[in-house]
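Keep the sequence and the structure side by side while reading.

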Amino acid sequence: MRHGRRSPPNGSARLAAGAALAAGLVVAAGTLHQADGAGSAGPVRQRVADASELLPGGTATTRGSVDSRDAFSRASHGIGLSGEARFKLGNAVFRKLWVSAPASTKSSDGLGPLYNARGCQNCHLKDGRGRPPEPGESAVSMVVRLSVPPGTPQEIARLAAGDIAALPEPTYGGQLQTFAIQGFAAEGRVAITYVEEPFTFPDGTVVHLRRPHLSIADPAYGSLHPGAMLSARIAPPMIGLGLIEAIPEADIRARADPDDRDGDGISGRVAEVWDHGAKRLALGRFGWKAGQPTLRQQSADAFLNDMGLSTSLFPVAWGDCTTAQPACLAAPDGNSPGPGDPEVGDQLLDLVTFYAQNLAVPLRRGAETPEVVRGRDVFAATGCAACHVPGHVTGTVEGQPHLSGQRIWPYTDLLLHDMGDDLADGRPEGSASGREWRTPPLWGIGLTETVNGHTYFLHDGRARSVEEAILWHGGEAEAARDRYARLPRADRAALLAFVASL
């Protein structure tokens, strides 16, 4: 949303908004109409929810209760006895609390020296969504990525080739570590303040949005680079990741339209990122900017940057330490004397990867109620489904037939989209610009409060509800956002009820 779009709740603003409403979506007598460019309206057929959507993860959808904090922590249906055993072992690695070296338990040492969490579960609590810190609270399930603009031809070339995703900040590296092992100083604290901004709907309803202002407090190793770029990222939910990984690459690429040749205002791009295992550029799927191509690499990156633990993919024993932190570089590096002996061995990395692949998507709730069925049509008519593409079919996953050939409903195209000035972090990452974000899957979103006790959404958790998240959309999503804003209150409620059912 550009400056001045959020109008105060005054009479003139309501009159202007009412005139805009007449040109938009009108719902009457149970039939949804979408006005075309000539001013005529055609009916959009109201459908009964697709029966296969009741199992959004296909036959791998968990049959467990959705009214539980464990709704995101169950294994894929059909995983089998041996798969269940591997899943439980992976869960143990995911929940493991790592300690600094030297330690009596060599299989759990090597933490840090600088880190953000002692275990995967600390950020992905109950395998769900993170949140920004409350005032006076340490950031645990949110990290701050750091980088600087390229300054030399060599740096520009490395970025262009995909050799590195971003240039780390010289003193603090690629991520701010807010904790440290004994004898070391944490790099600093995440400081966030908010400014409230009102948004007025045509019917006079006012929603207060909060605009975050991010900074680093108490930097322990000196000042940040004057051109430092900061981006706050909350931990995303873990469900359905193996199914996302199984969507054929060709299907994702086929949806890309970087030049908007069809003229619909949506120009999604594929993220091209470096695959450290394959040693080549590959399609990015995971992370807020689709910066990781595989779950194995995503897991190894988290071990390195969040916990300071080396793997065969990232054999850097000292984590994200920089040359400006000599004591950090000289710290004991646990059971990792060299690149061939990482702190997290391949067996452990494979187990946690398998666990991430098989955290199941829960069943839909209330999908066949009239309001939700109607909300599904409103969702499509406003244009939300242009990026939050409902359905996909997975390919073949070697050794995991329960993830193969499944009709799934994640509501994402996995492409990068320009989301406008308001959501821009100004920090490029790989092939993604500072204004682009990957379309996040929506499945499970309605269980966020049940699992995690909050409803904070978007990459930095600024939105306190799904509606606030919608109103922050801009760029390619601006037209859909404006259509939503022009809807009568009952249709907005139906759309939100639909999203809550996912």
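The paragraphs below follow the salt bridges of this predicted model.

Side chains of opposite charge can pair when their charged atoms come close. With a cut-off of 4 Å between nitrogen and carboxyl oxygen, the model has 27 salt bridges. Three of these pairs are described here in turn.

Glu429 and Arg145 form a salt bridge through their side chains, at 4.0 Å from N to O. Because Glu429 sits in the loop between strand S14 (416-418) and strand S15 (436-438) while Arg145 belongs to strand S5 (residues 142-147), the contact ties together parts that are 284 residues apart in sequence. Glu429 is buried, at 10% relative accessibility, and Arg145 is partly exposed at 21%. Both residues also belong to a network of salt bridges, whose other members are Arg233, Lys289, Asp425 and Arg427.

A second salt bridge joins the side chains of Arg492 and Asp203, with an N to O distance of 3.1 Å. This pair links distant parts of the chain, 289 residues apart: Arg492 is in helix H14 (residues 489-501), and Asp203 is in the loop between strand S7 (189-200) and strand S8 (206-217). Arg492 has 4% relative accessibility and counts as buried, whereas Asp203 is partly exposed at 34%.

Glu272 lies in strand S10 (residues 272-275) and Arg253 in helix H6 (residues 249-255), 19 residues apart. Glu272 is partly exposed, with 30% relative accessibility; Arg253 is partly exposed too, with a relative accessible area of 31%.

Notes
Residues are numbered from 1 along each chain as its sequence is written. This is a predicted model: local features need pLDDT of at least 70, side-chain atom pairs count only at pLDDT 80 or more; totals for chains, interfaces and linings use all residues. Side-chain values use heavy atoms; hydrogens and water are left out. Helices (H or I, at least four residues) and strands (E, at least two) are DSSP runs, numbered from the N terminus. Buried means under 20% relative accessible area, exposed over 50%, partly exposed in between (1.4 Å probe, protein chains only).
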